[in-house]
Amino acid sequence: MKLLVTGGAGFIGSNFVRWALANAADSVVVLDALTYAGSKANLQDFQSDPRMSFVQGDVCDRVAVQQAMSGCDVVVHFAAESHVDRSIVGPDAFVLTNCYGTNVVCDVARQLEVKKLLHISTDEVYGSVDEGAFAEGDRLVPSSPYAASKAASDMIAMSYWHTFGLPVTITRSTNNFGPYQHPEKLISLFATNLLDGQQLPLYGDGLNVRDWCYVTDNCEAIGVVLEHGMSGEVYNIAGGNEVTNLELTKKLLAMFSQDESAISYVTDRLGHDRRYCVNVSKIAKLGWKPTWELDDALARTVDWYRCNRWWWEPLKQAVPQG
């Protein structure tokens, strides 16, 4: 199987490339625009591996997508603008990449008659839920420009299944974390701040609830969907690690023998959803379940950032925090 992985130099994409080459794919083509969130350094383990080839290009560029996708059997579409805070400040890039870019990827895949296209989405498309959990068929009520652009991209992708018969499948995962995550997201930011002796900027009262999925678990779930998932279907993915942001912060503080005086409460994010939660019974029927407990995965993640300062330090210097 020859895979095209769009956004394969980003956080989840690069971890999936690593998983795919170890478990599923004969070869992988990575298409990535190398924005601030993507780097060839994320793929350093495979720079000289003949099974991987890299194409620098934007998913909004039809010619680049055609060239990268030519000869590929399966497309896994990660490429997206993904940071909620950035979408609030500058939503245009999110609509362009996430919506128009997804349309280009789907249309080229239709023309080239790929065997499967897996579109990677997020639980944020459902919006907030006070109790219970969202199932795949529930109404989408996205709150942020980021979430809205992902909900729209889901609908664009699925329209190619309904209209053209393109074999599209969608996964929607909860918050991912792990190695190679840009230090603008909560866990990577807080871990690197603690390594630098800095304060932890926690939004609002810190009681927003998220489920945290270690990135390896998500990659394995994506692999299961690729092998056993049905075209035209959506599959939720979750780590089963539901905590408030404050609880998560306290766990990180304990790993550094720090107390709550290191927390700096900041003005809450605009439109900040209170709680995300998804039902994973559908993917469980395919034989997948998460394997990483939150505490173990956090320790593994913190250790990675502790050992790879060379990777994240330049990123924090390039992107002002706060």
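Student: How do the residues lining the second largest cavity divide into nonpolar, polar and charged?

Tutor: The lining of the second largest cavity has 5 nonpolar, 4 polar and no charged residues. Here Ala, Val, Leu, Ile, Met, Phe, Trp, Tyr, Cys and Pro count as nonpolar, Asp, Glu, Lys and Arg as charged, and the others, Gly among them, as polar. Before going on: this is a predicted model, where local features need pLDDT of at least 70 and side-chain atom pairs count only at pLDDT 80 or more, while totals for chains, interfaces and linings use all residues. Residues are numbered from 1 along each chain as its sequence is written, and side-chain values use heavy atoms, with hydrogens and water left out.

Student: Which residues line that second largest cavity?

Tutor: Its lining is made of Tyr 36, Ala 37, Gly 38, Ser 39, Asn 42, Tyr 180, His 182, Trp 311 and Leu 315. The space in the second largest cavity is about 40 Å³. On a 1 Å grid over the protein atoms alone, a cavity is a set of points where a 1.4 Å probe fits but cannot get out, and a pocket is an open set with protein on both sides within 12 Å along at least five of seven lines; lining residues have an atom within 4 Å of a point. Grid points are joined across faces, edges and corners, and a volume is the space filled by probe spheres set on the points.

Student: How many cavities of 30 Å³ or more are there?

Tutor: There are 2 cavities of 30 Å³ or more. The largest cavity has a volume of about 60 Å³, and its lining has 4 nonpolar, 4 polar and 4 charged residues. Among the residues that line the largest cavity are Glu 124, Arg 210, Arg 269 and Asp 273.

Student: Switching to helix 2. Which of its residues are buried?

Tutor: Ala 64, Val 65, Ala 68 and Met 69 are the buried residues of helix 2 (residues 62–69). They fall within an arc of 120 degrees seen down the helix axis, so they line one face of helix 2. The arc is that of the directions from the helix axis to the C-beta atoms. Buried means under 20% relative accessible area, exposed over 50%, partly exposed in between (1.4 Å probe, protein chains only).

Student: What covers those buried residues?

Tutor: The cover includes strand 1 (2–6), strand 2 (27–32), strand 3 (52–56), strand 4 (74–77) and helix 4 (92–112).

Student: And what happens at the start of helix 2?

Tutor: There, a side-chain oxygen of Asp 61 reaches to within 3.1 Å of the backbone nitrogen of Val 63. Helix 2 is followed by Gly 71, whose phi is positive, near 85 degrees.

Student: Next, Thr 192: buried or exposed?

Tutor: Thr 192 is buried, with a relative accessible area of 0%. Thr 192 lies in helix 6 (residues 186–195), and its side chain reaches the backbone oxygen of Ser 188 at 2.7 Å. Not counting residues up to four places away in sequence, Thr 192 touches Pro 183, Tyr 305, Trp 312 and Lys 316. Contact means heavy atoms within 4.5 Å.

Methods
Helix = DSSP H or I, 4+ residues; strand = E, 2+ residues; numbered from the N terminus. Polar contact = N/O pair within 3.5 Å; in protein donor to acceptor, adjacent residues only side chain to side chain.
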